[in-house]
2 protein chains.
Amino acid sequence: MSANSGKHRVVIIGSGFGGLFSAKALSGKDVEVTLVSRTGHHLFQPLLYQVATGILSEGDIAPATRDILARDKNVRTILGDVEDIDIEARTVTSRSLGQQTVTPYDSLIIAAGAGQSYFGNDHFARYAPGMKDIDNALELRGRIFGAFELAETTTDPQDRERLLTFVVVGAGPTGVEMAGQIAELSHKTLAHEFRHINPRDARVVLLDGADQVLPTFGDHLGGKARASLEKRGVEVQLGAMVTDVDGTGLDVKYKDGSTRRIEAVTKVWAAGVAASGLGTMVADQAGAETDRAGRVLVEDNLTLKGHPEVFLLGDMINLKGYPGVAQLAIQGGRYAAREILGRLEGKEPQAPFVYKDKGSMATISKYSAVASIGKISFSGFVAWLAWLAVHLMAMVGFKNRISTLLNWMITFLGNNRNERVTTMQQVFARRAMEDLGPDAYPELPRRGHEEQRDAT
Amino acid sequence: MSANSGKHRVVIIGSGFGGLFSAKALSGKDVEVTLVSRTGHHLFQPLLYQVATGILSEGDIAPATRDILARDKNVRTILGDVEDIDIEARTVTSRSLGQQTVTPYDSLIIAAGAGQSYFGNDHFARYAPGMKDIDNALELRGRIFGAFELAETTTDPQDRERLLTFVVVGAGPTGVEMAGQIAELSHKTLAHEFRHINPRDARVVLLDGADQVLPTFGDHLGGKARASLEKRGVEVQLGAMVTDVDGTGLDVKYKDGSTRRIEAVTKVWAAGVAASGLGTMVADQAGAETDRAGRVLVEDNLTLKGHPEVFLLGDMINLKGYPGVAQLAIQGGRYAAREILGRLEGKEPQAPFVYKDKGSMATISKYSAVASIGKISFSGFVAWLAWLAVHLMAMVGFKNRISTLLNWMITFLGNNRNERVTTMQQVFARRAMEDLGPDAYPELPRRGHEEQRDAT
């Protein structure tokens, strides 16, 4: 089909912010667009922590890409893992099950994002899941709620303490939001649901190697965020490097040289990202450079060295120190689409890409957030309202997610968490907890018939 | 704790309708209740098909048991698989990970429900998941939406046809509802989302060994339901026995002796149930009889032969031909709780348990249902309204599930499916589809550089 229409063929890899905004910018134009993605959904990643903590369902933050693009008739979507990009032959090879698809392109937009990075310690992943995709969030949901369940039945005080200690590694927005939500869960939502344990006894620790929380937000907001977290019962440890992670805890080394072990069954890794390997794949072919996180050093118009028809976006690029945020991908996607369309119309190249900082925000808990927009920074309830408005607008932009808004409202009015189901993920969650070891749970002495009858 | 309070100890196994209504009926009374369950949630099973077809989220139909029972201070909930029931020692042994818990009881209520039955053909399960729990529903969701995805990219017309054929085995309420929803998905929701396939071409087949759909609803309503399904594009085949199931289809034998193979990647098994093995476990100890489906032939007060302190409920019992519906469990749970409390107060035993039929209902699609209440039967929009009212009331009864109602309303107003995410389940879904075999997806000829450039 592609080869026959004669139209300029654009292939987009990825259904994140970059891929989706590229596709939308090319919609209705005289080009033939194919979006290839590993998942059938677009993930609204800024709210992933709400799935992990039971507020929203997967569908609330991950609408089907096909649904979002249903009316964009010149855009087709195919599900597939990209196995190969051949920048000489100009083809993308993807696979979905046994089924391999080779899609030729005239222009290529690579927006495959980033995964979690454990800084070379990949064995941490088993014990401390990241927060990059829906599977991560559901696994963490299972682990977090499951830890309280196990704490309720254990008879060993030490295990109970380990089960009721939650450590979040990385005090960027995701880490701050996770720590705040786990504290809220234990102090409010679950407070009255148990009989043997008091969920309010849960200890929530937030670690970061830097000297402040939210390092990119500046001293002032970082301090505000820290105070707000501490008020909510989160223990903040800064200048703290994780040196090892296992099933029952983690080892931490502090800037002053001291070391400490924190006993904790549930760990969340919100510390680092590594760009998709597709960046390195094309950089190697083109002789372009990549940085340690696998990001490609692109030209100033977001293209690959020597390949003006190949664009890279968002988390995959290293350009002028731009941060790996959604806006970088969105602005990059629009820029790339404009450039492709401009070339077809014989226009001059655009000026080099410049990222416009639209500000950053992070929620700490219900009604409390920090925000910095340009030179203005604010915190508390007003910041929370701003956060809400921005996120609602962003989500409603794609699709009318009324039910998401309503779920939010309901959760915000009460302290409930409606999405607490753990399914296959529970198996993973439990497996992680088994690292406590079989000896950690000695069989209870089995009470005999006599003893029971005496007791009644 | 249990042994010390001196109160009468009731252990309830299961968090389904029977277990939950037993617990609620014992709430606030002078007994100490422990509810042991394999899952942390109560499953509102009548709406499971809506999770499988993307309308509702897991949390919408599966609230946390602990949350439902938060205010019932004399009820504690523990998560665990029951490994052993010792009716002489009067203990229940459950396990959650390595952690084993032995809970002694004075009265025991076993309400562990039923699982899917493949009538001795357990190898069917791999290819045709049942519809009993959330994992089933999510796996089927992944398979159903995944089949359309694979159909979009396959180049083999025969595979495309197999991928667009959906077979539902069993024309009880669940099967009818699933077939109706898959038809609605393909004809409405997905109709405009694909570029290569037309989802309206999907074939939905509903099979049953009986001579009518909804066999327990009587001829009249069965006929109505069949007509309504056929109007919506569902192909109904009756007197049809499934003799084998594999990755790419199933073999069917009809009452007239003929046989046929239906090529279909996605199969749903809604055909039979087998009671939890805990029934057989206690029946064996007590010398009580069980039927072929593993249900226990209980005394007329729902107790186990020779053990008036052990009650069995719902899908686990075989008594006077009562049907395995939610109401049987609910009424049984209330009866058992009354009996336990009556004994403590020195009351006479109640009259034998009698199931009160409150009617049956099944939806076929939006705005269309069949219902039979006593001698009155009705169908169409009025029946659908009745179905809606009954289900809303039942759910709101447990908890204020405003967000569920809103999700419903939004879905009913549009044709959207907001819950289309497939995660770990996708892996299973895809694995099943791989049974098409590697040869089914030959690599596409890889187009060369020249050919592409020619095309633009």
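Visitor: What's the strand order in the open sheet of chain A?
Guide: The four strands run 11-10-9-15 with parallel pairing. Strands are DSSP runs of E, at least two residues, and helices runs of H or I, at least four, numbered from the N terminus; two strands pair if DSSP finds at least two bridges between them. This is a predicted model, where local features need pLDDT of at least 70, side-chain atom pairs count only at pLDDT 80 or more, and totals for chains, interfaces and linings use all residues. Residues are numbered from 1 along each chain as its sequence is written, chains are lettered from A and ligands numbered from 1 in written order, and side-chain values use heavy atoms, without hydrogens and water.

Visitor: Which strands stand at the edges?
Guide: Strand 11 (234-237) and strand 15 (266-269) of chain A each have a single partner strand, so one side of each lacks a neighbour in the sheet.

Visitor: And how many bridges join strand 9 to strand 10?
Guide: Five, between residues 165-169 and residues 203-207 of chain A. A:Phe166 stands opposite A:Val204 in strand 10.

Visitor: What does helix 8 touch there?
Guide: Helix 8 (residues 173-189) of chain A packs on the sheet, touching strand 9, strand 10, strand 11 and strand 15. Contact means heavy atoms within 4.5 Å.

Visitor: Different topic. At what angle do helix 2 and helix 11 cross?
Guide: In chain A, helix 2 (residues 17-26) and helix 11 (residues 326-344) cross at roughly 35°, with axes coming within 7 Å. Axes are lines fitted to C-alpha atoms, for helices over the stretch in contact, and angles run from 0 to 180 degrees between N-to-C directions.

Visitor: Which residues meet?
Guide: Among them are A:Phe17 and A:Phe21 in helix 2, and A:Ile330 and A:Leu341 in helix 11.
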